[in-house]
Amino acid sequence: MPTQQLLQCCSPWCFAPSSLPIKKGCSHIYSGKLFSIAKKFKAIKMRTTSIVATASSINKEGSQDHDVVQQVTKNLFLGMDFGTSGARYVIIDKQGIIYAEGKRDYPPCKDGNTVDWTSSWKMTLFLLLEDIPYSLRPFIVSISIDGTSATTIIVDSKTGEPLWKPFLYNESCPDALPLVKSIAPENHTVCTGSSTLCKLVSWWNSYNLSKDAATLLHQADWLLWLLHGKIGVSDYNNALKVGYDPEIESYPKWLLSQPYSIMLPSVRAPGTSIGCIVEDIRDQYGFSKDCIVCTGTTDSIAAFLAARASEPGKAVTSLGSTLAVKLLSTNRIDDARYGVYSHRLDDKWLVGGASNTGGAVLRQIFTDEELKELSGQINPMISSPLDYYPLPGVGERFPLADPKMAPRLQPRPQSDAEYLHGILESIARIEAKAYGLLKELGASEVQEVFTAGGGSKNEKWIQIRERVLGLPVSRAVQTEAAYGAALLALKGFRGSHADPVDARTVSDIEN
């Protein structure tokens, strides 16, 4: 029989024994069969279910190989990400290898003339469960979900059914802001119209409904409740914008003294076991009776976890429609003037802020084809003399707090390549100012930047940013929030088994 060998993956989530340092990609060998991991991204990136769909699909030469596969698939971890337009799932093992992944757009559920978001999310959840290869389901031992930050659902405390349409992540409740500012400390995270607390106060004061049997849940909380059946459980990342203080692990007194505090959920650390999956779902989809459901997190935190930035000074810049930065720090920083706030991440703090600049500006000017073609004409080692402040509209929040700030995209040179160069470099300068402001406010100094989002695919832009920031800049190994949720499921499984060696924090696992 071929020699059975398992080499250490270059992923820091890998726990397989190793005596060989692997620097460029890595491979796992199962009974002489070589599976190359992450040739493109330097670590764990595998496609769908081809690895372990069945033992026979890998090797039909003998029973010894079947045993190896059974060992590999003994414990799998499911993470699901519910974003703004759709949802994804990822299944990994304890080494971080992806066994299956998939996605679904939200189906168009309607309640009259409005979108019935809770029905759409619920339907998507069960469609994703149905999409999971049946052969993998019995091996899934832990599940976690992330959702959009500050997406708020008011539910019946007994049935879990929504009492009102959800308040979406970007929905603002300016009517409640003066009341919230009157009770919260100055510049607190809740002192913005889109905070969860503003949404709670607005609902409490506006709707003539029975409030004695109402509970506030976040999107991830509610979806997880559908799986574990225990109403009123949240995590301290999602609960931050309702006023929960993760430093003292409690709601503050100024919040508990309010009449609507009866609606607040209990809070646990992200990646904490809540209970086993409910029996009817377990039986319908073929999950193990011991499969646990763990507290989740927000989509941005899950994406940060996926990027594996595990030491203070490591940061992730997300280049999507906007530019969002998150920096792992030893110090907590909160300043509502700039929209800066800190999430607890085990014994560290994840400090974040978001600028209105980003990909939305580029899409207003260039097509995808033009961006690709023009980027190829840019020399990233040469500084652009053009000084812009690219914004999609009026108003900036971070690193400059100016709601009346107008976009600055002139003068425009004759060369489109020079124009694009100037815009990309100007966005890089804004990114540098963002990290500089976080340092001024007291955060750890940035040492290295990983990149996520659509902009991470532009190598010329990465090189421009590396020159402007004066720091190592690279594309994140993993960028899917669902992967980060799967890591939380792994953490929850380890913690629930009360093994002092194995019950590690997120950062511990990464190291």
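This is a predicted model: local features need pLDDT of at least 70, side-chain atom pairs count only at pLDDT 80 or more; totals for chains, interfaces and linings use all residues.
Good morning. E445 counts as partly exposed, because its relative accessibility is 44%. K439 is likewise partly exposed, with a relative accessible area of 44%. Elsewhere, salt bridges that share partners join D245, E247, R332 and D334 into one network. How many salt bridges does the structure hold? The count is 21.

Let me turn to another of these pairs. The side chains of E431 and R465 meet in a salt bridge, with 2.7 Å from N to O. E431 belongs to helix α12 and R465 to helix α13, which covers residues 459–469, so this pair ties together parts that are 34 residues apart in sequence. Are these two side chains buried or exposed? The cut-off for buried is under 20% relative accessible area. E431 therefore counts as buried, at 1% relative accessibility, and R465 is buried with a relative accessible area of 1%.

Which strands form it, and in what order? Six strands make an open sheet in the order β18-β19-β17-β16-β20-β21, and the pairing is mixed. Strands β18 and β21, the latter at residues 473–475, stand at the edges; each has a single partner strand, so one side of each is left without a neighbour in the sheet. On average, neighbouring strands of this sheet are turned by 25° against each other, with direction ignored. Helix α12, residues 416–440, packs on the sheet and touches β16, β17, β19 and β20. The direction of α12 makes about 35° with that of β17, which spans residues 323–329.

Strand β16, residues 314–319, pairs with strand β20, residues 448–452, in the parallel sense over 5 bridges. Within this pairing, the bridge partner of V316 is F450 in β20. Strands β18 and β19, by contrast, run antiparallel and are joined by 5 bridges. Here Y341 has G352 of β19 as its bridge partner. Together, β18 and β19 form a hairpin with 2 residues between them, and D346 in the turn has a positive phi of about 60°.

How many of its residues are buried? The strand is mostly covered, with 5 of its 5 residues buried. Y341, H343 and L345 point one way from the strand, whereas S342 and R344 point the other way.

Because R344 lies in β18 and E249 in the loop between β11 and α7, the pair ties together parts that are 95 residues apart in sequence.

L163 is found in the loop between β9, residues 152–156, and α4, residues 177–183. With a relative accessible area of 31%, L163 is partly exposed. Thank you for your attention.

Note on methods
Residues are numbered from 1 along each chain as its sequence is written. Side-chain values use heavy atoms; hydrogens and water are left out. Buried means under 20% relative accessible area, exposed over 50%, partly exposed in between (1.4 Å probe, protein chains only). Helices (H or I, at least four residues) and strands (E, at least two) are DSSP runs, numbered from the N terminus. Two strands pair if DSSP finds at least two bridges between them. Axes are lines fitted to C-alpha atoms, for helices over the stretch in contact, and angles run from 0 to 180 degrees between N-to-C directions. Contact means heavy atoms within 4.5 Å. A salt bridge is a side-chain nitrogen of Lys or Arg within 4 Å of a carboxyl oxygen of Asp or Glu.
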